[in-house]
Amino acid sequence: MSRLPPTLQKLPLPIIGSPLFIISNPQLVIEQCKAGVVGSMPALNARPASQLDEWLHEITETLAAYNQANPDKPAAPFAINQIVHKSNDRLEHDLEMVVKYKVPIIITSLGARPELNAAVHSYGGVVLHDIINDAFARKAIEKGADGLIAVAAGAGGHAGTKSPFALVQEIRQWFDGPIALSGSIATGGAVLAAQAMGADFAYIGSAFIATHEARASEAYKQAIVDCNSDDIVYSNLFTGVHGNYLKPSIVAAGLDPEHLPESDPTKMNFGGDAAKAWKDIWGSGQGIGAVKSVTSTAELVGRLKREYEEARSRICEAR
């Protein structure tokens with residue numbers, strides 16, 4: 001096991017809930033943390049920007065009260081995702097809010113900035129950076145990130161094309177810090193498999209879309225239940241960055257999922273236009289075949305925990 005900062009030690013389950021654009025909200029984050037997994041959301045989900053202050057106050061106060069009432073079973077820490085790309089004109093404001101509330105974990109995406117890492121480190125926070133290959137991983141650590149989120153093939157939303165086996169093994173040749181693995185993980189057995197490959201945590205997003213607390217439409221949630229990996233389309237059309245999306249939502253938008261045009265990657269956008277696009281075009285990873293019903297966050301985490309323990313038991317028995 002790699003060395004982990006105190007914030008990431010002793011989690012009840014080695015799972016980080018990935019920040020879901022538009023969908024994650026304080027209710028989902030709080031329930032994830034109470035259930036024993038790291039809950040997260042993008043800062044950009046708070047609109048207008050002033051709402052982020054309100055949401056961070058709600059999350060920190062609610063979890064503090066929960067921990068006081070449950071000293072023997074405290075909540076997991078929470079994380080906020082910051083899009084570092086130049087199109088995000090809110091980054092400075094949102095970073096000020098993160099520092100104000102001393103958010104335990106920051107997840108950075110689409111760029112790595114030493115000054116952001118330094119700001120988070122100033123209060124003892126941990127920075128995990130999204131990467132899709134070994135070269136980006138090295139740059140992130142060189143610029144001060146504490147750990148990495150290896151976004152492998154099959155992950156929901158913006159995703160890479162590398163096999164998780166290849167990606168983790170390349171990083172582990174030189175990096176001994178925290179690694180979370182993302183890509184089609186939706187069962188407790190897959191969580192254990194991520195650890196067996198060398199990751200410390202599984203990074204799970206799509207399965208949480210089909211929860212009562214998620215801020216997704218009922219049609220979107222049901223599509224997560226009804227679809228499987230055959231229904232996932234990989235395209236850069238919608239934001240300029242390649243990602244995985246549900247085929248039915250693309251068809252509903254009047255597009256042919258088999259013949260989507262390429263987008264200009266220099267025109268990446270994560271503001272209002274992107275939000276509108278993602279409201280109609282539904283991001284999803286390939287692991288949704290394991291999602292059989294819309295449930296509460298607590299029920300989903302409970303299933304993952306049971307499956308995780310069962311998988312560990314099978315391994316022990318096989319020995």
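1. The lining of the second largest pocket comprises 10 nonpolar, 4 polar and 5 charged residues. In this classification Ala, Val, Leu, Ile, Met, Phe, Trp, Tyr, Cys and Pro are nonpolar, Asp, Glu, Lys and Arg are charged, and the others, Gly among them, are polar. The model is a predicted one, in which local features need pLDDT of at least 70 and side-chain atom pairs count only at pLDDT 80 or more, while totals for chains, interfaces and linings use all residues. Residues are numbered from 1 along each chain as its sequence is written, and side-chain values use heavy atoms, with hydrogens and water left out.

2. The second largest pocket holds about 330 Å³ of space. A pocket is here an open set of points on a 1 Å grid over the protein atoms alone, where a 1.4 Å probe fits, with protein on both sides within 12 Å along at least five of seven lines; lining residues have an atom within 4 Å of a point. Grid points are joined across faces, edges and corners, and the volume is the space filled by probe spheres set on the points. Of the 19 lining residues, Pro12, Ala35, Gly36, Pro74 and Ala76 lie nearest the centre of the pocket. Helix 1 (26-35) and helix 12 (297-318) each contribute at least two residues to this lining, and helix 12 provides the largest share, 4 residues. Helices (H or I, at least four residues) and strands (E, at least two) are DSSP runs, numbered from the N terminus.

3. Strand 2 (residues 39-42) is covered on both faces: Gly39 and Met41 are buried on one side, and Ser40 and Pro42 are buried on the other. Buried means under 20% relative accessible area, exposed over 50%, and partly exposed in between (1.4 Å probe, protein chains only). In a regular strand the side chains alternate between the two faces of the sheet. Strand 2 pairs with strand 3 (residues 78-83) in the parallel sense over 4 bridges, pairing being assigned if DSSP finds at least two bridges between two strands. Glycine 39 has phenylalanine 78 of strand 3 as its bridge partner. Together with helix 2 (residues 51-69), strands 2 and 3 make a right-handed β-α-β unit. Right-handed means that, with the strands pointing away from the viewer, the path from the first strand over the helix to the second runs clockwise.

4. Strand 5 (residues 126-131) is largely enclosed by the rest of the structure, because 5 of its 6 residues are buried. Strand 4 (residues 105-109) runs parallel to strand 5 and is joined to it by 4 bridges, with isoleucine 106 opposite valine 127. Between strand 4 and strand 5 the chain passes through helix 4 (residues 114-121) in a right-handed β-α-β crossover. Strand 5 also pairs with strand 6 (residues 147-151), in the parallel sense and over 4 bridges; here histidine 129 stands opposite leucine 148.

5. Glycine 124 belongs to the loop between helix 4 and strand 5. This glycine counts as exposed because its relative accessibility is 52%. The C-alpha atoms of glycine 124 and cysteine 33 are separated by 19 Å, the two residues being 91 residues apart along the chain.

6. A separate open sheet is formed by 3 strands in the order 7-11-10, with antiparallel pairing. Strand 7 (157-158) and strand 10 (232-235) are its edge strands, each pairing on one side only. Strands 10 and 11 pair over 4 bridges in the antiparallel sense, and valine 233 stands opposite tyrosine 245 of strand 11.

7. Asparagine 244 lies in strand 11 (residues 243-246) and counts as buried because its relative accessibility is 2%. Its contacts (heavy atoms within 4.5 Å) include Gly154, Ile232, Tyr234 and Ser284, residues up to four places away in sequence not being counted.

8. Most residues other than glycine have a negative phi, and most peptide bonds are trans. Arginine 47 and proline 48 are joined by a cis peptide bond, with omega about 5°; proline 48 is in the loop between strand 2 and helix 2. Isoleucine 22, in the loop between strand 1 (15-17) and helix 1, has a positive phi near 75°. Serine 184 also has a positive phi, of about 70°, and lies in the loop between strand 8 (179-182) and helix 7 (188-197).
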